[in-house]
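User: I'd like to learn how to read packing in a model like this one. Could you walk me through it?
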Amino acid sequence: MAAAAPAGQGPRWEVFKQDAAGKPHQAVGSVHAADPEHALLMARSVHARRPAAVSLWVAPADAVFAVTAEELEAAGPWAVEDGGPNRRFLAFRKTSHRRAMTFVDHVGEVEAPGPRAAVAAAMVAFPEPPALTWWVVPADDVVASPEEEAGAWFDPARDKTYKQQSAYGLLAPGKRKRVEDG
Amino acid sequence: MSRPAPSLDERERLEAFEARIARGEKIEPGDWMPEAYRKQLVRMIGQHAHSEVVGMLPEGFWITRAPSLRRKLILIAKVQDEAGHGQYLYHAAETLGAGRDELIDALLAGRAKYSSVFNYPTLTWADVGMIGWLVDGAAIRNQLMLAQCSYGPYSRAMVRICAEETFHHKQGKEMVMTYARGSAHQRAMAQDALDRWWWPSLMMLGPHDSDSPNTPQLVRWGIKTKTNDEVRQEFLDEHAPELMEAGLGLPDPALRFDEASGHWAHGPIHWDEFWNVVKGNGPLNAERLAARRQAHEDGAWVREAMAAYATRERETA
């Protein structure tokens, strides 16, 4: 066995956060981690320090197939993979240029032999509103935070109200106001 | 050898790109962009990420010295946020093709810059409050501007960071206001901290527009949406009156409110000091880099263990 290369930051994992039951998982950024379990822990520290989160997904960045509307247009006829067994893909899209904290939202699932075909299938399955960016990720590559431990994972952030700017009220230097301090 | 003129195709693409920005569209990874746009963003976002990471050091020093449990919890949360903000920003740079290891190597080797303000020492506990009020106050002004940026991943990182940094600003303001109303000793501590942090805070927003030749191009491409002097003016208009209302004196004899423009005006900035710090000769440049390198080396065994564990799990799966 060859000597291991000096360990760097490890592979990159895309992170998807769900704010509440019934809302879509949304792409919030990425973390570097050695394995999916490590990636989920990193994702919680980086992306769920404050409410609200009820679930996290991570997927290896290499497993994400991304295409923008501009790329689709430039590509002309969209060539898809032919044949092969169908696989399940999760589809995500971005639909607005508005300023936002999150990128693509989960819209649903499609079956296709490959990622290009999955994008084509997603455009048929979820035509409205038109997507500015599509992401498709093989369902087998997505790892979720443990549902039965959601409380232990996400509730502590709720109690740390001192991290919220609202905990400090309106601070007007000219007005005398009792400020608690140690 | 002369540079080839851009081909017609390239010029059309540039026009289409600039039209997209003029329409207020966000450029996303995968979209066509001029190489100069990509390079400028990698440089800016990388520096910004490094600033968040190095920014943990001046405050991290005070965690074990916090005067109360409440203040300790707040400071730990704030330093954790800076670590997280560094992660958001490294991610944004990576969407442009920069590698995480490469970015971190550039910081540790001293090739990459970070905000000059973190090369000043935190001498007393009052500095922790003053950094929140002034340094984070200036950073928020800059970041609110960058949240309008045309590059999607950078804009999103900024929106999230601004939402979290508002807590940093307010906890600092609260702390300084408490000291400014406290004992004579506490008031003196607050004033001393203000005397030392005021000018570095004004300088951290960058050189005057007359000395920033790249700004018009950055504004045209929506990388910046305001100039350094415009952001500095916003910072000054917000902070000068509030610091004075708190009973503190600003260390600028030329500071005045200009009735005609409705804005505050500051005296001359000592740019020699700014450039000296940027070039690596500030009070703590060497110490900050040494601390980062030490932390990186001390963490090597953890990264190796994680990689070895992941390899074993894969091989035995």
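This is a predicted model: local features need pLDDT of at least 70, side-chain atom pairs count only at pLDDT 80 or more; totals for chains, interfaces and linings use all residues.
User: Leaving aside neighbours within four places in sequence, which residues is Ala190(B) in contact with?

Analyst: Residues are numbered from 1 along each chain as its sequence is written, with chains lettered from A and ligands numbered from 1 in the order in which they are written. Two residues are in contact if their C-beta atoms, placed from the backbone, lie within 7 Å. For Ala190(B), those partners are Ala126(B), Val176(B), Tyr179(B), Ala180(B) and Leu248(B).

User: How do I read the angle between H2(B) and H4(B)?

Analyst: Helices are DSSP runs (H or I, at least four residues), numbered from the N terminus. Axes are lines fitted to C-alpha atoms over the stretch in contact, and angles run from 0 to 180 degrees between N-to-C directions. Here, H2(B) (residues 35-54) and H4(B) (residues 69-94) pack at about 165°, their axes 8 Å apart. Angles over 145 degrees count as roughly antiparallel, so H2(B) is roughly antiparallel to H4(B). Residues making this contact include Val42(B) and Ile45(B) of H2(B), and Leu89(B) and Tyr90(B) of H4(B).

User: How many residues of chain B are in contact with chain A?

Analyst: In general, the size of an interface is often given as the accessible area lost when the parts come together. Counting contacts instead, 48 residues of chain B meet 40 of chain A. On the chain B side, H7(B) gives the most, with 13 residues.

How values were computed
Helices (H or I, at least four residues) and strands (E, at least two) are DSSP runs, numbered from the N terminus. Angles under 35 degrees count as roughly parallel, over 145 as roughly antiparallel, 65 to 115 as roughly perpendicular and the rest as oblique.
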